[in-house]
Amino acid sequence: MPEFPTANGNLKTDVLIVGGGIAGLLTAYELQKSGVSCVVAERRKICSGTTGRTTAKLTFQHGLIYQKILREYGAEKAKMYLEANQNALKRYAELCRNIDCGFRKTDSYIYSRGDRGILENEVKALAKIGFSAGVCEVSELPFSTVGAVRFKNQAVFNPLKFLRGIVGEMSDKVRIFEHTHITDVRGKTALSKGARITADKIVITTHFPFINTHGSYYLKLYQSRSDVIALKNAPKLHGIYMDENTRGYSFRNCGEYLLIGGEAHKTGEPCRRRELQDFAEKTYPNADVGYLWSAQDCISLDGIPYIGNYSALTPNMYTATGFNKWGMTGAMTAAQIIRDKILGRDNPYAAVFSPSRSILKKQLLINGANASKNLLTPTVPRCPHLGCALKWNIDERSWDCPCHGSRFARDGKLLDNPANADLDKP
């Protein structure tokens with residue numbers, strides 16, 4: 001990836017985007033195409049967070065989401081969600097024609113190992129919003145299933161190669177700053193250690209929104225970690241596969257590697273990396289482990305991302321978060337919605353993603369109870385975000401916050417937000 005300077009002094013721009021992952025960079029790209037002056041400020045290096053750890057499935061098949069949206073919000077919003085993500089995939093296909101990033105079409109499957117009925121319910125939900133799908137049998141997975149819902153013509157790609165191309169296209173139009181840690185926003189001015197950046201509009205794409213005075217994201221989100229193992233000398237699959245069970249496994253090939261992801265768990269709970277390694281070793285005994293890493297995702301209350309105004313009280317501040325492990329199409333959808341909001345255009349899909357929608361969901365009570373328990377736990381160190389007791393992650397050698405997902409290295413250095421500072425006494 002290219003390198004960029006650190007911001008210093010007083011800067012002005014039309015739009016400041018805080019966070020240089022895929023959501024922030026695509027938002028900058030769409031805005032500069034419309035003639036809007038943008039600055040991107042990244043705390044570390046661009047694409048060094050979740051964007052660089054994804055398995056990069058480009059699909060509008062987000063688990064069994066459509067029956068859930070249909071049940072909770074009705075057919076109109078379920079169709080809006082579908083069309084928004086279809087448009088995102090179409091936009092990727094357009095952009096990737098001119099970028100060498102391994103983009104290729106493939107079929108996507110959500111399988112179940114024991115509940116065919118839930119797959120059939122998804123097919124029925126999709127039929128109600130005008131999308132044709134069916135339950136099929138799958139044979140190339142290393143275990144038996146009761147079937148899978150197939151979406152044809154989805155895709156995979158390499159997001160870092162893609163974003164290198166995107167950044168190259170807008171390098172003379174968008175100012176990008178790295179190692180520029182925005183710690184506070186006061187009105188129209190964002191503050192880092194060495195800079196004050198004033199903007200008419202501010203977009204927060206920092207994975208987990210870090211401004212606690214608006215939006216109540218500390219109640220509306222929790223973070224989930226999962227692991228990925230890359231195997232050499234493993235079978236070549238002809239599609240991308242995901243388990244309808246959140247604890248199950250996903251599969252996709254990438255060059256000479258088979259990527260297996262899974263063992264999702266709430267940040268702060270015991271790591272399940274060993275379970276993934278055991279599964280890979282037993283299932284593919286002749287394969288070699290090339291790489292092993294973890295990824296972290298923000299999970300919303302209802303499975304739909306929060307994209308739009310940061311809160312009802314912040315007309316000039318926006319955010320995109322809670323992608324629920326589907327951040328590739330989610331980031332493109334966010335870029336288009338936020339672009340339209342900043343330009344004063346109506347976006348036909350904005351309502352379904354509104355961060356100000358009702359938070360009266362069961363998950364809200366779970367999030368609140370978990371935060372209360374860990375706030376009252378009398379241990380040190382404490383998370384500088386809101387004061388929760390941190391847990392030691394023995395596998396990854398980090399201090400993890402079970403309330404909101406902040407993570408810190410052994411020496412106290414901040415790894416993952418929403419915390420915005422290092423630990424004083426790790």
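First, a term: buried means under 20% relative accessible area, exposed means over 50%, and partly exposed is in between, with a 1.4 Å probe and protein chains only. By that rule C271 is buried, at 11% relative accessible area.

Some ground rules. This is a predicted model, where local features need pLDDT of at least 70 and side-chain atom pairs count only at pLDDT 80 or more, while totals for chains, interfaces and linings use all residues. Residues are numbered from 1 along each chain as its sequence is written, and side-chain values use heavy atoms, with hydrogens and water left out.

Cysteines, then. A disulfide here is a pair of cysteine sulfur atoms within 2.5 Å. How many disulfides does the structure hold? One. C388 is joined to C403, S to S 2.1 Å. The torsion about the S-S bond is about -100°, so this disulfide is left-handed. It links distant parts of the chain, 15 residues apart. C388 sits in the loop between helix 10 (362-375) and strand 18, and C403 in the loop between strand 19 and strand 20. On numbering: helices (H or I, at least four residues) and strands (E, at least two) are DSSP runs, counted from the N terminus. C388 is buried at 1%. C403 is buried too, at 4%. C101 is in no disulfide; its nearest cysteine sulfur, from C96, is 3.5 Å away. C101 is buried, at 2% relative accessibility. C271 is also in no disulfide, with the nearest cysteine sulfur, that of C401, 17 Å away.

Next, the sheet around that disulfide's loops. Strands pair if DSSP finds at least two bridges between them. Four strands form an open sheet in the order 18-19-20-21, with antiparallel pairing. Strand 18 (391-393) and strand 21 (414-416) are the edges; each has a single partner strand, so one side of each lacks a neighbour in the sheet. From one strand to the next, the twist averages 35°. Angles run from 0 to 180 degrees between N-to-C directions, and axes are lines fitted to C-alpha atoms, for helices over the stretch in contact. Strand 19 (residues 398-400) and strand 20 (residues 407-409) are joined by three bridges. In strand 20, F408 is the bridge partner of W399.

Now charges. A salt bridge is a side-chain nitrogen of Lys or Arg within 4 Å of a carboxyl oxygen of Asp or Glu. The whole structure has 25 of them.

Take E256 and K232: their closest N and O atoms are 3.8 Å apart. E256 is in the loop between strand 13 (249-254) and strand 14 (257-266), and K232 is in strand 11 (residues 222-232), so the pair ties together parts 24 residues apart in sequence.

R273 and E396 also meet in a salt bridge, 3.7 Å from N to O. R273 is in helix 7 (residues 273-283) and E396 in the loop between strand 18 and strand 19, 123 residues apart. Both are buried.

Finally, which buried lysine has no salt bridge? K220, in helix 6 (residues 217-220). Its nearest side chain of opposite charge, D302, is 9.6 Å away. For charge, Lys and Arg count as positive, Asp and Glu as negative; His and the chain ends are not counted. Leaving aside neighbours within four places in sequence, K220 has contacts (heavy atoms within 4.5 Å) that include I299, L301, Y306 and P355.
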